[in-house]
Amino acid sequence: MIDAYDILETISMVREEHLDIRTVTMGISLLDCAADSVSALCDRIYDKITRRAERLVKTCDDIAKEYGVPIINKRVSVTPVSLVAASCGAKDYVPVARALDKAAAAVGVNFIGGFSALVHKGYTQSDRILIDSIPESLAGTERVCSSVNVATTKSGTNMDAVRRMGEILLETARLTRDKDSIGCAKLVVFANIPEDNPFMAGAFHGVGEPECAINVGVSGPGVVRSALARAKDCDLSQAAELIKRTAFKITRAGQLVAREASRRLGVPFGIVDLSLAPTPQVGDSVAHILEELGLEVCGCCGTTACLALLNDAVKKGGLMASSHVGGLSGAFIPVSEDAGMISAAQSGALCLSKLEAMTAVCSVGLDMIALPGDTPADVLSAIIADEMAIGVVNHKTTAVRVIPAYGKKAGDRVNFGGLLGEAPVMDVHPGSPARFIARGGRIPAPLQSLRN
Amino acid sequence: MKAVITVIGRDCVGIIARVSGRCLEYNVNILDITQKVFSDTFAMIMMVDIGNISAPFTEFVDSMNALGEEMGLSIHTVHEDIYNSMHRI
């Protein structure tokens, strides 16, 4: 017999503490869509996605209703377009982005990821075309997300790609200037990108993945914060224990949804991503968990330590709850998508350098941070290079999703609406890294890469 | 297959009758009821068998939600697996 306390606890997690499944993402291989003309390629991509993901949204809605846990986002990730489009002979891949956008709209998902290239060791011709097509593709579509992997622990950092991505960010910001440069919110630069990440904007379906897979991202910062609030002034061992127990319950809900979606859609279950993903809603903030642990404000001294504790406990609790764990798995700290981060940044308590330190101990990186629109491309590249160095040396995924908001200066605000939220524009260090970035070449793989 | 129906709201005449009547309509068998009234707040947890339900379970959930709205109560109907998953190892 189910315990009445457990029933009431679950209901209150959903209704009052915003427990939800953040995303069910269907990964679809497009490798068999390759064609020798761009129009044939686009037709095949559209047909395959709409066939494979036809029932995704309806199935997820049914599961959410039956189990009483909301599934906020239904999404699709695909094979990196730079691989699929390599033989189509096109000089730009904007039509492919449009085909992805159309397919995403047809199946009713809010984002589709995989307008991507993996260039950590060098470019193919197709990678160059894809990267050059990013600004126009993101400006001309609504649902397409793009990612570029420029570094891995195994092969080091491709600094030519890092330099180029600084320019691409500025151009994307310029082309989407009428919407606070929202294009940059759909573009992520990665080190050690995972092949099975269900979260946007960095999701893509890796070449080591099956034909099709269901990956699920869980959430629940509000549930963790409430559990800590109830425990009052317990010591940090007890706090970590409490976070582990809560993460276990959250992840089990995700595992159940993943298993059911996989069974009903006849698609293999890939992974559950053990993440605490905030939203701008009050009561759904990772920053507020850190403050519940005893910080006056997120960003003050002690923030990195609290985040490290939180991130570790979430993983330990979640690991046992799922048969396959993957993706990014860790606490997210996207500034514009977290009510506590927004207010900490607004008050000046949270700055770019503290955020960078925080990314060393959690997933994923500098995320949803608005910067002045006149930030030079080489400064953006240097921000990317710093973040890549943290990922490469520490054997972890790191990423940069910053928005150099066109026409805005430090202290102004950008507002993307919905889950992407809003943020104050942050100050950037005025010193120039121009000579460093102009050098180009590759930063060699670190000693940590030699593990054989 | 089982489901759990929770009902919370201001007490009034006929809550159990109408909730169980709706179960009958869908051929859902009631296995257990835990119910209390705290001052004038009614709270009930009902365990039901949905093995022989006469319509898709999602329709039953919608129907119970509609009944809740009609009576000014919060009625929550979910498959038991969510509780088993989250609270049992």
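Of the 89 residues that make up chain B, 28% count as buried. The structure shown is a predicted model.

**Figure 1. Overall build of chain B.** The secondary structure of chain B consists of 3 helices and 4 strands. Read from the N terminus, these elements follow the order β-α-β-β-α-β-α. Chain B has a radius of gyration of 13 Å, close to the 12 Å that the globule rule gives for 89 residues, so chain B is as compact as a globular protein of that length. Its C-alpha trace spans about 35 × 30 × 20 Å along the principal axes. Among the contacts in chain B with a separation of 6 or more, 66% come from residues 24 or more positions apart.

**Figure 2. The side of chain A that touches chain B.** Here 17 residues of chain A are in contact with 17 residues of chain B. On the chain A side, the elements that give two or more residues are α1 (4–15), α3 (56–67) and α9 (236–265). By class, this side of chain A has 8 nonpolar, 3 polar and 6 charged residues.

Figure 3. Helix α11 of chain A covers residues 303–319. At 1.5 Å a residue, its 17 residues should span 24 Å, and the end C-alpha atoms are 24 Å apart, which agrees. The buried residues of α11(A) are Thr303(A), Cys306(A), Leu307(A), Leu310(A), Asn311(A), Ala313(A), Val314(A), Gly317(A) and Gly318(A). An α-helix has 3.6 residues a turn, so residues three or four places apart point the same way. The buried residues of α11(A) pack against α9, α10 (286–292) and α13 (352–359) of chain A.

**Figure 4. Helix α14 of chain A and the residue that follows.** Helix α14 of chain A comprises residues 377–393. The buried residues of α14(A) include a run from Asp378(A) through Val379(A), Leu380(A), Ser381(A), Ala382(A), Ile383(A) and Ile384(A) to Ala385(A). Glu387(A), Met388(A), Gly391(A) and Val392(A) are also buried in α14(A). After α14(A) comes His395(A), with a positive phi near 55°.

How values were computed:
Residues are numbered from 1 along each chain as its sequence is written. Chains are lettered from A and ligands numbered from 1 in the order in which they are written. This is a predicted model: local features need pLDDT of at least 70, side-chain atom pairs count only at pLDDT 80 or more; totals for chains, interfaces and linings use all residues. Two residues are in contact if their C-beta atoms, placed from the backbone, lie within 7 Å. Ala, Val, Leu, Ile, Met, Phe, Trp, Tyr, Cys and Pro count as nonpolar, Asp, Glu, Lys and Arg as charged, and the others, Gly among them, as polar. The expected span of a helix is 1.5 Å times one less than its number of residues. A residue is buried if 20 or more other C-beta atoms lie within 10 Å of its own, exposed if 12 or fewer, and partly exposed in between; C-beta atoms are placed from the backbone. The radius of gyration is taken over C-alpha atoms; the globule rule is 2.2 Å times the number of residues to the power 0.38.
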